[in-house]
Every structure is written in C-alpha cells, then in structure tokens.
Amino acid sequence: MNIVILFGTETGVSEMVAEDIAAGIQAAEVTVYDLSDFDVAALDTTALHLVVCSTYGDGELPGGAQNFHRALQNDRPTLEGLRYAMFGLGDSSYAETYSQGSEILDRAFAALGAERVGEYGRFDAARDPDPSILAIAWSAAILEQVLAARV
Amino acid sequence: MLASTAPVADWVTLEELYADPYPIYARLRREAPVAYVPALDRYLVTSYEAAHTADTDHDSFSVVDRSGPPRTTQPSFLNKDDPEHLDERRQWLPALRPAQIKRSWIPIFRANAERFLDELVALGPGADFLSGFAAPYVSENLRRVLGFENATHEDLNRWSAAMVLGRGNIAGDSAAAQAFARAAAEMDVALDEMIAWHRRQEGGDTIFAHLVSLGSEVMPLESIRANTRMTIGGGINEPRDVLGVATWALLQHPEQRAQVTADPALWTAVFDEALRWMSPIGLILRSTTKPVELGGVTLPEGARLAVSLLSANRDETMWENADRFDIERGSASHMAFGKGTHVCAGSWMAKAQVADVGLPAVFERLDHLAVDPVRPVRVGGFVFRGLLDLPVTWGRS
C-alpha cells in the first residue's frame with residue numbers, strides 16, 4: 001500500500017508534522033507533498049492519503065492549501081475509492097474557528113466521494129505542547145486500523 | 001465620534017511599571033482591564049480576553065498607528081496590516097519554518113551552544129549568564145540564519161540593543177532615538193553589501209539567500225532593511241531573555257529542575273512557562289479602526305492601545321496562582337508570541353534554540369549551576385521585560 005502525506009501550511013508547522021509522520025512510518029512507501037504545489041489530477045485513488053492541515057485567520061485555509069482547494073472545487077475530480085485521514089491543527093483560544101481550516105478540506109474531499117478513515121486527529125496549540133508527537137501516534141493508529149481491515 | 005467610556009488610571013507611573021509592573025497589572029485587571037493611562041497616553045489592555053481580542057480581531061484593531069505622529073522610517077511587516085504584511089512575511093519565512101530549522105539550523109545551534117558554554121566557563125564562576133552565554137549564543141545563531149557573513153555576533157548584539165531601546169522608547173527620549181538611527185545606518189551598509197554578496201552565490205538556506213532567490217519578485221530593498229531591523233530587534237533580546245528567565249526560574253525551583261533534568265521531554269513546558277511567567281515582549285501596540293467595545297468599555301476610532309502581554313499571561317481567570325512559576329500548569333495558551341496574523345515569525349527558531357538546544361546544554365554542562373549568592377539578580381522593564389543580569393556559579397564543567 002502506498003501512503004501519500006499531503007500538508008497545507010502557512011507557517012510551516014504542518015510541513016514539519018508531515019515530515020515527522022513520514023519518518024515514523026516503516027511499513028509502507030511514503031511520499032510527502034506540499035499542497036501549494038500539488039496538482040489535483042495527481043490524486044491517486046489507490047493510495048491512502050494522510051492530510052495535515054492548519055487553520056489561518058478567521059478559520060480559513062492556510063495560504064499553502066488555498067489553490068489546491070480551489071482546484072478541487074473547480075475541477076471536481078471524482079474521488080470515489082480514495083481513502084484519507086485528516087489531522088487538523090488549530091488553537092482553541094479562538095473558540096468559534098478552532099481547527100476549521102482542515103474541516104474545509106475535509107468537506108471538499110467528502111463532497112467528491114472520498115472516504116475518511118480512522119479518527120479525526122487534532123492538535124490544539126493552546127493545550128498540546130508538541131504537534132508531531134500527537135500526529136505520529138495518530139498516524140500509527142490509522143495505519144493499524146487500515147492494515148487490520150485488509151486482512 | 002463616540003467618546004471613550006474607559007476609566008482613567010492616572011495613578012500608574014512609568015517608573016513603577018519599569019520596576020515591577022505586576023501589582024499594577026493585577027489591580028488593573030480587577031478594576032479596569034481596559035483603562036486610559038495618561039503616563040502612556042494610551043489605553044492599556046491588561047486582561048487575557050481583551051488582549052486576545054485586540055490581537056486577533058484584525059478588522060477592528062490595526063498595527064498601523066493612524067493618529068500618532070507620522071513614521072519617519074519604513075515599517076517592517078510587523079507594523080503593516082494584511083495583505084501587505086502577509087506578502088512580506090511569506091518571503092521572510094522559509095528559513096524559519098520548523099522543518100527547515102530541524103534540517104539546517106539545529107546542528108548549528110548545537111555547535112554554537114558548546115562554543116559559547118566554553119566561553120562562559122573560561123570566564124569562571126561569577127560570570128553573567130546573559131552577557132557571557134545567552135546573548136552571544138542567540139546573536140551568533142541569528143547571524144547564521146539571516147546570512148550576515150560580513151558581521152560578527154557582537155555587531156548583531158549591539159545593533160539589537162539600539163533597536164530595542166529605540167522601539168521601547170515610548171517616552172520619546174532623543175539620545176535613544178539617535179542611537180537607533182546610528183545602528184540602523186551601520187546595519188544598512190552591512191546589509192546592502194550582503195544582498196549583493198548573496199546575489200553572487202548559489203543557493204543557501206538563509207533568509208537573505210531565499211530573498212535573492214526570488215529575483216524580481218522580492219520586496220523592495222527598503223522593506224528588506226526594515227524587516228532585518230525588526231528581526232534583529234526581536235531575534236536577540238527575546239530568546240536571550242527567555243534563556244535567562246527560564247534558567248533563573250529553574251535555579252529557584254530545585255524540584256522542577258530535578259523533574260526536567262530527569263525527563264528532557266519537559267524542556268518545552270519549561271520554555272512555555274518561562275514565556276508565560278515573564279513574557280519578554282511586554283507590550284504590543286494597536287490602534288482602533290472604528291468605534292469598538294473592548295473589555296466592557298467603548299473606545300473611539302483611532303484609539304491608541306498598549307496591549308500588555310505581560311499582564312495577559314498573569315491573568316488569574318486563565319491560570320491559578322498565575323504569579324507562580326510552574327511547569328506543570330499547561331502554559332501553551334500564553335500570548336507571549338502574540339496570536340492572529342502577527343504571531344511571532346521566529347517562534348519555532350526560539351523554541352529550537354532555547355528548549356531543544358540551549359537549556360538542555362546549559363544544565364547538562366554546568367554541574368551545580370546556581371545563582372551567585374553574593375550578587376543580586378536585577379529585573380526590569382515593561383515594554384520589554386527580562387533579567388538585567390544573572391550572575392551564576394557552577395562546580396565542574
């Protein structure tokens with residue numbers, strides 16, 4: 001099984017988290033892409049996608065994910081069969097917009113027929129000290145679940 | 001135009017704020033979390049909630065001061081609103097992204113920590129931890145990350161001191177303004193030479209190398225100069241002070257020191273709690289773009305605000321016994337880096353050089369590190385706050 005890690009970032013935290021997740025996976029081939037230069041036509045419906053995305057401004061997508069999201073909306077590729085897991089980064093001191101950036105992407109994936117698997121991962125900058133530690137544990141649980149389902 | 005309904009706190013003096021702002025801030029949070037302070041000629045914001053709103057509601061609160069005296073210098077992106085702020089920030093950021101810091105800079109920070117601990121040890125017990133280690137260590141780190149090949153860490157440290165004095169110069173002292181102008185002129189000459197030098201080089205991970213790689217898309221030279229001044233002003237003072245405050249706090253709390261030396265995963269908690277307990281940037285300035293409600297009072301359009309991060313981070317409604325240093329309290333929601341679009345661009349570099357490298361190196365290397373019992377530690381400031389010196393002793397090294 002191929003694993004594709006996609007990250008959407010403004011300040012680079014999701015980039016670090018994506019690379020740290022990749023470094024922690026030994027059981028499969030992993031490639032990491034920055035959504036800021038990822039073509040929606042390159043989405044591979046046979047691969048498991050781990051999506052790491054922050055929140056920016058008033059609950060918006062980070063700069064690095066905006067073009068990708070726009071392309072999903074405009075091109076509307078069919079994502080039937082594509083399985084993805086979502087890890088959102090946010091700050092709960094913004095009560096109304098906490099972790100909303102990743103949810104915008106999540107809705108776009110779901111609307112095109114993709115299937116979200118496993119638990120929705122969350123990092124809260126107002127509470128959790130280290131996003132990578134949480135994300136690595138999250139990805140390990142996702143992989144365990146997906147691999148178990150294949151047997 | 002609506003008038004202000006904010007109470008006037010005419011009992012607040014700059015001298016008392018400099019010496020010990022915390023009792024003043026505690027009273028203001030209780031009685032008037034948004035109050036007009038004549039000594040500052042600004043509305044002083046002291047509660048966490050009001051500070052958070054002022055820093056994150058970008059429609060109502062601007063970093064551009066529309067009613068104060070006109071600026072005489074080009075502003076850095078810290079003093080621009082979006083979208084101009086974001087355009088320049090994105091050009092500045094690649095060298096400061098956490099993945100880049102891990103790849104390129106952590107090994108350099110480690111080597112610098114060893115080098116400047118050697119220099120501190122050579123000074124002998126009784127040396128000042130700040131000027132003997134923290135300042136040269138963070139100055140050299142920043143010199144490398146910026147790409148200042150033609151300057152020394154002493155140059156950066158000297159420029160930074162002048163920038164900070166200039167920025168903290170709320171009272172308008174002319175000697176501080178002149179020192180700022182001299183340092184800025186000296187830095188501009190070195191910077192112009194470096195931009196030309198980097199244009200002749202290939203690649204590189206530094207801030208300057210990335211800027212020249214943008215070719216004609218790069219921001220104008222005047223903006224590069226302004227942002228370099230801002231980076232040097234904020235990139236030395238602040239990490240130096242967090243190193244000093246965190247070290248001092250651990251030396252006063254042997255039980256917490258024992259905890260963290262037994263479990264290195266706790267250095268991040270030490271870093272966050274030091275930032276909360278004594279935030280190096282004490283005040284940030286904002287200006288209202290329209291009449292607005294804040295902290296239960298009405299402010300007119302154009303109201304000039306001083307938002308106290310030092311005070312927000314001691315807010316009892318956020319943290320119990322907020323005056324106590326406690327690495328177990330969960331301090332990650334502190335406002336020391338700011339929130340919103342202007343959140344500190346150097347926060348991950350600060351974490352890397354303080355929590356990941358600097359503090360562990362200091363406590364591993366200097367056995368029996370202690371505050372020098374014969375010389376007092378001095379603390380000061382409210383625009384910026386930190387230790388003025390930290391004389392330390394140690395056993396083996």
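How many bridges join strand E3 of chain B to strand E4 of chain B, and in which sense do the two strands run? Two bridges link E3(B) to E4(B), the latter covering residues 283–288, and the pair runs antiparallel. One place to look for this pairing is B:Phe61, whose bridge partner in E4(B) is B:Thr288. Before going further, please keep in mind that this is a predicted model. Its scores are ipTM 0.85 and pTM 0.93. For chain B, the pLDDT averages 94, and 98% of the residues score at least 70.

Now let us step back to the sheet around that pair. Five strands of chain B make up an open sheet, and their order is E1-E2-E7-E4-E3. The pairing in this sheet is mixed. Its edges are formed by E1 (34–37) and E3 (61–62) of chain B, each of which pairs on one side only.

The loop between E3 and H4 of chain B holds B:Pro83. The peptide bond that joins B:Asp82 to B:Pro83 is cis, with omega at about 5°.

Next come the helices. Two packed helices are described by the angle between their axes and the distance between the axes. Start with H10 of chain B, residues 221–252, and H11 of chain B, residues 254–262. H10(B) and H11(B) pack at an angle of about 110°, their axes lying 5 Å apart. An angle from 65 to 115 degrees counts as roughly perpendicular, and H10(B) and H11(B) are therefore roughly perpendicular to each other. On the H10(B) side, the contact is made by B:Leu250, B:Leu251 and B:Gln252, while H11(B) brings B:Pro254, B:Gln256, B:Arg257 and B:Val260. Sorted by class, the residues of this contact of H10(B) with H11(B) are four nonpolar, two polar and one charged.

H10(B) also packs with helix H12 of chain B (residues 267–277), at an angle of about 105° and with the axes 9 Å apart. That angle makes H10(B) roughly perpendicular to H12(B) as well. Among the residues that meet are B:Val242, B:Trp248 and B:Leu250 in H10(B), and B:Trp267, B:Phe271 and B:Trp277 in H12(B). The contact of H10(B) with H12(B) has twelve nonpolar residues, one polar residue and no charged ones.

What is the angle between helices H6 and H14 of chain B? H6 (residues 129–146) and H14 (residues 347–365) pack at about 140°, with axes 12 Å apart. H6(B) and H14(B) are therefore oblique to each other, and their crossing is right-handed. H6(B) contributes B:Phe129, B:Phe133, B:Tyr137, B:Val138, B:Asn141, B:Leu142 and B:Val145 to the contact, and H14(B) contributes B:Met349, B:Gln353, B:Val357, B:Gly358 and B:Val362. Nine of the residues in the contact of H6(B) with H14(B) are nonpolar, three are polar and none is charged.

Finally, take a look at chain A. A:Ser99 lies in the loop between strand E4 (83–90) and helix H3 (100–111) of chain A. Although A:Ser99 is not a glycine, its phi is positive, at about 60°.

Technical notes. Residues numbered from 1 in each chain as written. Chains lettered and ligands numbered in written order. Predicted model: local features only at pLDDT ≥ 70, side-chain atom pairs only at ≥ 80, totals over all residues. Heavy atoms only, no water. pLDDT = per-residue confidence, 0-100. Axes fitted to C-alpha atoms, helices over the stretch in contact; angles between N-to-C directions. Helix = DSSP H or I, 4+ residues; strand = E, 2+ residues; numbered from the N terminus. Parallel < 35°, antiparallel > 145°, perpendicular 65-115°, else oblique. Left-handed = near helix turned anticlockwise from the far one by under 90°. Contact = heavy atoms within 4.5 Å. Nonpolar A, V, L, I, M, F, W, Y, C, P; charged D, E, K, R; others polar. Pairing = 2+ DSSP bridges.
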